[in-house]
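Subject: Structure handover

Hello,

Here is the structure I said I would pass on. My notes on it follow below.

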Amino acid sequence: MSTTPTRAYEPEQNRGTAVIGKSVVVKGQIYAREDLLIDGEVEGGSIEAQEHRLTVGPNGKVNGNMKAREIVIIGTVHGNIEASDKIDIRKDARLMGDIKTARIVIEDGAYFKGSIDIQKPETKPAQARVPAPTAEPATPPAAAPGKL
Amino acid sequence: MFKERFKALIRGGSGNPPPVPARRVSTAASSPAGTPRRIANRQAESCPRTSRGLEQFFLVIRDTPGLSILDFSAASQANITFITNLGHRIYAEDFLDCLDSTFPEDDFFESQSHPVKAQQVLDQCLDFPPEHFDGALVWDLLQYVAPPLLTEVADRLYQVLRPNAYVLAYFSSEERAPLVQNHVYRIADAKTLLLTPRCQRPPSQRFTTRSLEKIFARYQQVKFFLTRDNIREVLVRR
């Protein structure tokens with residue numbers, strides 16, 4: 001049994017988050033230009049929120065692929081998911097599909113069936129630094145033999 | 001085997017009665033009242049365990065990135081992190097959950113002879129293209145599969161593994177115990193596991209070296225690792 005404390009679900013307070021409520025059923029594709037919380041049902045298409053966060057809430061059911069910067073799953077997803085940054089699968093989540101992401105967090109108790117492919121973003125090679133010219137220390141003149 | 005039986009059941013009225021699946025009696029040490037009940041371990045603590053089988057398994061796959069590894073346990077952060085940090089893809093399949101949701105507890109082993117349900121397990125847990133995986137971590141889960149289905153699972157694993165891929169499996173070596181400890185296996189490092197007791201449950205049979213060699217007869221090589229505890233580690237090469 002994991003001793004890691006599990007996080008309780010807290011609804012987004014951010015004003016910039018669109019919400020699909022739990023009584024809403026959407027059939028078709030969704031493109032979001034802001035964070036999106038899905039607490040209803042979405043089926044028959046893919047959900048894309050490039051550069052934003054997609055959250056499938058505790059009542060959310062998604063039947064389709066998902067693509068975003070960050071994806072949080074608390075409900076149920078049947079489909080492949082791809083996140084350029086991170087995927088977070090909470091303990092009550094059910095995910096059936098393949099995952100592609102740079103990072104993944106999965107809590108104990110989450111049900112997952114599928115493959116996980118970690119694709120870290122390519123980091124730019126560090127530019128070779130040209131060493132700054134340094135003044136060479138002046139060589140002290142040869143000491144004259146001292147008279148005793 | 002199960003597809004033929006299913007087809008025979010469907011054909012039915014061709015004059016010959018459809019073959020009745022042989023009822024298997026569990027060879028586990030069951031009491032006269034029936035198969036022993038499972039006992040859940042509550043608030044069990046994890047303990048580390050060095051595994052030579054695990055070490056050998058990762059020795060083979062360590063140096064080649066981009067492989068696909070099948071993990072029969074419930075998805076865990078530890079296993080996912082370890083295997084993906086090696087540059088591999090991991091495929092998680094909660095095999096025990098699949099067995100428990102398909103076969104009722106009071107008829108667990110006998111119902112595994114049912115061709116439709118057995119095929120359901122194979123299709124749900126091992127429905128992959130041929131030669132898809134470079135390794136499989138089946139942990140201790142094969143000991144809860146009864147012989148007719150066990151052979152099918154071993155065969156299906158053979159099909160989905162690439163040539164020279166390895167399967168790591170654990171079996172209890174306790175000869176007379178009616179119940180064996182089922183663990184959650186988390187990879188701590190290349191040779192260490194963190195074992196968390198989950199429940200005690202009856203195995204389908206007593207697994208000897210001979211019986212394991214027979215199960216994996218189709219494979220190239222079956223290697224056993226002796227351990228001090230009651231776990232028999234088996235590394236099988238496809």
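Which strand of chain A is joined by bridges to strand 4 of chain B, and how many bridges are there? The model is a predicted one, and in it strand 13 of chain A, residues 111–118, is joined to strand 4 of chain B by 3 bridges. The two strands run antiparallel. One pairing in strand 4 of chain B is that of B:I90, the bridge partner of A:I116.

The contact as a whole takes 14 residues from chain A and 14 residues from chain B. On the side of chain B that touches chain A, helix 3 (77–85) and strand 4 (89–92) each supply at least two residues. Strand 4 of chain B gives the largest share of that side, with 4 residues. Sorted by class, the side of chain B that touches chain A holds 6 nonpolar, 5 polar and 3 charged residues.

On chain B itself: the chain has 238 residues, of which 39% count as buried. Its secondary structure comes to 7 helices and 10 strands. Of the contacts in chain B between residues at least 6 apart in sequence, 69% join residues at least 24 apart.

On confidence: the predictor gives the complex an ipTM of 0.78 and a pTM of 0.78. For chain B the mean pLDDT is 84, with 83% of the residues at 70 or more. Residues 10–33 of chain B have a pLDDT below 50, and this stretch has 36 contacts in the model beyond near neighbours in sequence.

Regards

Methods: Residues are numbered from 1 along each chain as its sequence is written. Chains are lettered from A and ligands numbered from 1 in the order in which they are written. This is a predicted model: local features need pLDDT of at least 70, side-chain atom pairs count only at pLDDT 80 or more; totals for chains, interfaces and linings use all residues. A residue is buried if 20 or more other C-beta atoms lie within 10 Å of its own, exposed if 12 or fewer, and partly exposed in between; C-beta atoms are placed from the backbone. Two residues are in contact if their C-beta atoms, placed from the backbone, lie within 7 Å. pLDDT is the predictor's confidence in each residue, from 0 to 100. Ala, Val, Leu, Ile, Met, Phe, Trp, Tyr, Cys and Pro count as nonpolar, Asp, Glu, Lys and Arg as charged, and the others, Gly among them, as polar. Two strands pair if DSSP finds at least two bridges between them.
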